[in-house]
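Dear colleague,

Here is the structure I promised to pass on, with my notes on what turned up in it. Please read the notes with the structure open beside you.

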Amino acid sequence: MTGKTHDLAAVTALGVVFLRNPINPLRLSTAIVCLIANLIGGITPDIDQPTAPFWRNLPIGNIFGKTFGRLTGGHRFLTHSILGVGLILLAAHWLLVFLSPIMGQIDIGYVWWAYAIGVASHLIMDMFTKEGVPLLIPIPYKFGFPPIKALRITTGKWVETLVVFPGLLAFNGLLVSRHYQQILEILRRIGSSH
Ligand SMILES: [Zn+2]
């Protein structure tokens with residue numbers, strides 16, 4: 001999957017979880033940082049890919065990307081497994097605790113959850129691609145859905161661009177229309193929370 005699709009999937013997953021478990025009251029600052037953390041989470045597992053959007057935006061990103069890719073065993077290895085994700089989320093927890101003195105009233109617990117939802121959505125989306133995901137590393141088996149490889153999609157090809165991405169957009173549209181009043185109420189509360 002491309003970074004764009006991963007980020008849309010991450011936000012979609014965040015929206016679904018949030019609408020089921022609304023945070024009340026939600027501060028504007030927490031909401032914004034949660035959204036950013038969620039978007040970063042959505043592309044984090046691809047840091048093992050030298051051309052990942054994560055690295056492409058850094059001037060020396062390519063070198064770092066290649067080194068990191070080698071360290072983590074190449075694309076779709078450790079960062080695409082339950083073990084790797086556990087380590088990533090632990091590191092994210094430490095980073096947030098470390099940064100908490102300068103985070104003001106931002107609730108880092110929610111930020112961590114938003115990040116975790118982004119990371120989890122990445123693995124789920126990659127399971128729909130031909131390459132599959134090595135969830136149980138060190139067991140090298142790659143999981144995919146549907147289990148028959150030929151029925152899965154190829155990253156960046158027309159199914160992703162013309163079906164998956166618009167499908168996610170349509171799902172978001174449906175989600176917003178179904179929860180329209182609830183979303184308005186949330187936005188109103190955010191607006192009056194500071
Ligand atoms: Zn990936």
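How exposed is E185, in terms of its relative accessible area? Please bear in mind that this is a predicted model; in it, E185 is partly exposed, with a relative accessible area of 27%.

The chain holds 8 helices and 0 strands, and buried residues make up 38% of its 194 residues. Among contacts with a separation of 6 or more, 68% are between residues 24 or more positions apart.

By the rule used, there are 4 salt bridges. E185 takes part in a salt bridge with R188 at 2.9 Å, N to O, and in another with R189 at 3.1 Å, N to O. R188 and E185 both lie in helix α8 (residues 180–191), 3 residues apart, while R189 and E185 are 4 residues apart in that helix, separated by about one helical turn. R188 is exposed, at 52% relative accessible area, whereas R189 is partly exposed, at 34%.

R76 and E131 also meet in a salt bridge, at 3.7 Å, N to O; R76 lies in the loop between α4 and α5 and E131 in the loop between α6 and α7, so the pair ties together parts that are 55 residues apart in sequence. R76 counts as buried, at 4% relative accessibility, and E131 as partly exposed, at 37%.

Finally, R152, in the loop between α6 and α7, is buried yet has no salt bridge, the nearest side chain of opposite charge, E131, being 7.3 Å away. A polar atom of the R152 side chain does lie 3.4 Å from the backbone oxygen of T129.

How values were computed:
Residues numbered from 1 in each chain as written. Predicted model: local features only at pLDDT ≥ 70, side-chain atom pairs only at ≥ 80, totals over all residues. Heavy atoms only, no water. Helix = DSSP H or I, 4+ residues; strand = E, 2+ residues; numbered from the N terminus. Buried < 20%, exposed > 50% of the residue type's maximum accessible area, 1.4 Å probe, protein only. Lys, Arg positive; Asp, Glu negative; His and termini not counted. Polar contact = N/O pair within 3.5 Å; in protein donor to acceptor, adjacent residues only side chain to side chain. Contact = heavy atoms within 4.5 Å.
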